Amino acid sequence: MFANISGKSAVAKIALLALLSGSGWMLQAANYDRARDLVSRVQNDLQRAADFTRNNEKERSRYENVQHHLSEFDRDLSHDHFDKGKLNDAIDNLKDVVKNNTLESHDRDALATDLSDLRTLRDVR
């Protein structure tokens, strides 16, 4: 009788572990989806801000750098890989845009929020 309970208990433990490991995978996938949504929002904010100043080569280059690094980071996310180095590069580039580019006030506010959100994403990972 005790052997039977022990066997049922072992099966229950295995089933629970399988369920939890599956949920962990689903949570990670959901986190990657949220990260990709954030990248998309930042890219949209950058595009809107870039439309304000197109004539300055240095400013345009800063926009292109951050867009490039965000795109690379997003590409890795789409393959279930979180590359902190690429995220750091994007954060550094975005910081340069906020600090050095001519921005309308609402664009500066949006990009500053994006910068904070990207840093939080990096720090909780």
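This report describes helix 2, helix 3 and helix 4 and the packing between them.

The model is predicted: local features need pLDDT of at least 70, side-chain atom pairs count only at pLDDT 80 or more, and totals for chains, interfaces and linings use all residues. Residues are numbered from 1 along each chain as its sequence is written, and side-chain values use heavy atoms, with hydrogens and water left out.

Helices are DSSP runs (H or I, at least four residues), numbered from the N terminus. The expected span of a helix is 1.5 Å times one less than its number of residues.

| Helix | Residues | Number of residues | First to last C-alpha | Expected span |
|---|---|---|---|---|
| Helix 2 | 57–78 | 22 residues | 31 Å | 32 Å |
| Helix 3 | 84–100 | 17 residues | 24 Å | 24 Å |

At the start of helix 2, the backbone nitrogen of Lys 58 has a side-chain oxygen of Asn 56 within 2.9 Å. Asp 80, with a positive phi near 60°, follows helix 2. The N-terminal end of helix 3 is capped by Asp 83, with a side-chain oxygen 3.0 Å from the backbone nitrogen of Gly 85. Both are polar contacts in the sense of a pair of N or O atoms within 3.5 Å; within protein, one must be able to donate a hydrogen and the other to accept it, and residues adjacent in sequence count only if both atoms are side-chain atoms.

In helix 3, Leu 87, Ala 90, Ile 91, Asn 93, Leu 94, Val 97 and Val 98 are buried.

**Packing**

Helix 2 and helix 3 pack at about 155°, their axes 8 Å apart; axes are lines fitted to C-alpha atoms over the stretch in contact, and angles run from 0 to 180 degrees between N-to-C directions. Helix 2 is therefore roughly antiparallel (over 145 degrees) to helix 3. Contact (heavy atoms within 4.5 Å) involves, among others, Tyr 63 and Phe 73 of helix 2 and Leu 87 and Ala 90 of helix 3.

Helix 3 and helix 4 pack at about 160°, with axes 10 Å apart, and are therefore roughly antiparallel to each other. Residues meeting there include Leu 94 in helix 3 and Asp 114 in helix 4.

**Asp 114**

Asp 114 lies in helix 4 (residues 105–124) and is buried, with a relative accessible area of 1%. Beyond its neighbours within four places in sequence, Asp 114 is in contact with Arg 41, Val 42, Asp 45 and Leu 94.

Methods
Helix = DSSP H or I, 4+ residues; strand = E, 2+ residues; numbered from the N terminus. Buried < 20%, exposed > 50% of the residue type's maximum accessible area, 1.4 Å probe, protein only. Parallel < 35°, antiparallel > 145°, perpendicular 65-115°, else oblique.
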